[in-house]
Amino acid sequence: MVGFATVGLLAYAVDLALFTYLRGPAGLDPITAKVLSFVAGCSVAYAGNALGTYRHARVQGLRPYAVFFAVNVAGAVVQLLCLAVSHYGLGLTSQRADTVSGAGIGMALATVLRFWGTRTLVFRT
């Protein structure tokens, strides 16, 4: 679990740094910047988990990466759903509420989903 969390933090840092750069100095629109940073973050997370956390699984080919990417997209959807329910469904529209629902509750639920999906669907032994 510690290895998974460490890799996740590194991937998050790559995603955030790249998004910030692409949105700022590179001048890309927010959607394009987020898609590119998300793919980069997923790639870092996959490599970190394949070479570190789940190195004993010895997965090969594109299929494990595609499943890993799908699990991460599902996690992103969970985060967005938490944010949407809070913001639009419950009417909690402050920046703090958005942060708590999306980056707090949503991230916690998404992390559980990603851990389960990564362990059982991608790097199963």
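In which crossing, left-handed or right-handed, does H1 pass H2? The legends below take up this question first. This is a predicted model, in which local features need pLDDT of at least 70 and side-chain atom pairs count only at pLDDT 80 or more, while totals for chains, interfaces and linings use all residues. Residues are numbered from 1 along each chain as its sequence is written, and side-chain values use heavy atoms, with hydrogens and water left out.

**View 1. H1 passes H2 in a right-handed crossing.** A crossing is right-handed if the near helix is turned clockwise from the far one by less than a right angle, and left-handed if anticlockwise. Helices here are DSSP runs (H or I, at least four residues), numbered from the N terminus. The axes of H1 and H2 come within 8 Å and cross at roughly 155 degrees. Axes are lines fitted to C-alpha atoms, for helices over the stretch in contact, and angles run from 0 to 180 degrees between N-to-C directions. H1 and H2 are therefore roughly antiparallel to each other (angles over 145 degrees count as roughly antiparallel, under 35 as roughly parallel, 65 to 115 as roughly perpendicular and the rest as oblique).

**View 2. H2 meets H3 at an angle of about 125 degrees.** Their axes lie 10 Å apart. That angle makes H2 oblique to H3. H2 passes H3 in a right-handed crossing. Look for the contact (heavy atoms within 4.5 Å), where H2 brings residues including Phe 38, Cys 42 and Tyr 46, and H3 brings residues including Tyr 65, Phe 69 and Val 73. By class, this contact of H2 with H3 has eleven nonpolar, three polar and no charged residues. Ala, Val, Leu, Ile, Met, Phe, Trp, Tyr, Cys and Pro count as nonpolar, Asp, Glu, Lys and Arg as charged, and the others, Gly among them, as polar.

**View 3. H3 packs against H4 at about 155 degrees.** The axes of this pair are 8 Å apart. That angle makes H3 roughly antiparallel to H4. Their crossing is right-handed. The contact of H3 with H4 has 17 nonpolar, ten polar and three charged residues.

**View 4. The largest pocket has a volume of about 1100 Å³.** A pocket is an open set of points on a 1 Å grid over the protein atoms alone, where a 1.4 Å probe fits, with protein on both sides within 12 Å along at least five of seven lines; lining residues have an atom within 4 Å of a point. Points are joined across faces, edges and corners, and a volume is the space filled by probe spheres set on them. The largest pocket is lined by 34 residues, and Tyr 12, Asp 15, Gln 79, Met 107 and Arg 114 lie nearest its centre. H1 gives the most to this lining, with ten residues.

How values were computed
Helix = DSSP H or I, 4+ residues; strand = E, 2+ residues; numbered from the N terminus.
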